[in-house]
Amino acid sequence: MIPSSGLLLHSPIDKDLVTLPRGSSGISISTDWMLAHGTALSSIIDKSPAVSSFVTNMVPGEHITKVPRELASELKFQVCRDDDRRPSSIRQHRGVIVAAWRCSLLEKTFDEFFETWSFPKSSELDRSLRSVFLLVRVYDGADESPIVVTSVEQALSCLLDQAPRNLIRGSSVEIESTPFGNPVFIGSITRGVISNVVGDEGCVIMTDAYAFPGSEGGPFYVISPDCKRRIISGMVIAPLSWCRGEWVDYTFAANLAPCLLNILRKKTPHSPIINRSYKNTDVTLDSGVVLVRCGISWGTGILVHKDTGTFLTCSHVVAEAPEREVSIVMKPDKSNSRVQAKLLYRTPKNQPYDIAVLKVDPQAVDPSLRSVRLSEAPILKGEPVVSVGFPFSSSIRPTISGGVVSKPMDCALLTTCCTQSGTSGGPIVSRVTGDTLGMTVCNVLSADGSTLYPRMSLAVPAATISGPLREYLRTDNPDVFRAFTCDDAVIRKIWDLYPFLPAKL
């Protein structure tokens, strides 16, 4: 059985679906078992000292804890699933949480990688639920025989045997959940790509597939390119978050393979093979992308000519130069890969095209890097693309977001890729040709500064970059980059984004 989504409601469903309590999503492992996230206890834990004590006393990673019999009455749920035999109908069952554990990998990751992040409901009790997994026994009839630990472990082992060990950035994914915990939306899907894998043993998956509150606990799948097969890989744990005060438009999921391996103490489970075609995407997208540092700030850079050590980034990324040293980190996850860079040119502040050109000793360029190919073909509206950059952290591999060309213009490229601070200077890459179509500059902020739109990002088109770059490579004269400084009134108006504001990344 391929695990699917379900819904947990702590009080019975109202038949007319008018007065519904908010529920939480879950993963239906089988007809008898459902795996859920600790947030399913959010509506209970504040009201029940006994449940609160049970959760807070769980030791991370120690063992799977059976729920004490005296708590069973407080941990009963209505379990709702789509009825495959009757479209738009919901099957209802009784369920009770019988076991739980606190994942030491997630606990460590939230304490370290997400230390400066904030999430909705940031009370201490809510924070304690982020690393908790719940196992729900589902009943159809009156049989509620005692649960033995081997049954719990068998259910989790069944799930583990289907989860791949190695996830590849750029792979297409699907989340199935119940947005807002409302049964009307049960089984809803959203799609995106694996943007990154972070944390201890890669226990947290970052994806640009959008999820809503109530989706916590929902299954996360890697899907085949033809959309005919999906492989259970994770469980949604955080659909909403903020980093350094900026709303993060990514969803986070627990990576099931390391989380289940950790608690079951297994070493060599069966692991499905992810489609090999994704592997090339994962490697290729990294090959021309670097981290650019200037003082305490960072952004993304593109290697445009390896033989001369020439890189592009955004002017605002290196705004503190020359007072602050500019350097390029060839491989953020590789020690001793930081190289001092010379600033050849940067456009003046608040003027198109927000481009800076950097140069390093060609001998210092990491051998695994290669020059990107700047596209010479016309850019088509609707063309599938990915953005690559370094939002959130300067110590992990680049993060990927998928989207489409929303509007191509001669002087600007609008895409739906999810972009955040740190992505500035990164490439927009065609998923069809692998060529770089442009360089990310900013996303959009409302005129009053109150609303950020991460999925409305602007880039400098490759055609704008390629002319001056070719002339520089021919002449070795950095003065040719003055062509990037643009006084055209029409182009300035477009990049001013009136009535919006460009939000520098």
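Predicted model: local features only at pLDDT ≥ 70, side-chain atom pairs only at ≥ 80, totals over all residues.
Residues are numbered from 1 along each chain as its sequence is written, and side-chain values use heavy atoms, with hydrogens and water left out.

S28 belongs to strand β2, residues 24-28; strands are DSSP runs of E with at least two residues, numbered from the N terminus. The C-alpha atom of S28 is separated by 9.5 Å from that of V138, 110 residues apart along the chain.

I turn to the aromatic rings. Rings of Phe, Tyr and Trp (its six-membered ring) pair if their centres lie within 6.5 Å, and by this rule there are 17 aromatic pairs. In one of them, F114 and F252, the centres are 5.1 Å apart and the planes stand at 85 degrees, so the pair is edge-to-face (planes over 60 degrees apart). F114 lies in the loop between α3 (104-112) and β7 (117-118) and F252 in strand β16 (residues 251-255), so the pair ties together parts 138 residues apart in sequence. F114 is buried at 4% relative accessibility, and F252 is buried with a relative accessible area of 1%.

Which residues form one aromatic cluster? They are F110, F113, F114, W117, F119, Y250, F252 and F392.

Note on methods
Helix = DSSP H or I, 4+ residues; strand = E, 2+ residues; numbered from the N terminus. Phe/Tyr/Trp six-rings, centres within 6.5 Å; stacked < 30°, edge-to-face > 60°. Buried < 20%, exposed > 50% of the residue type's maximum accessible area, 1.4 Å probe, protein only.
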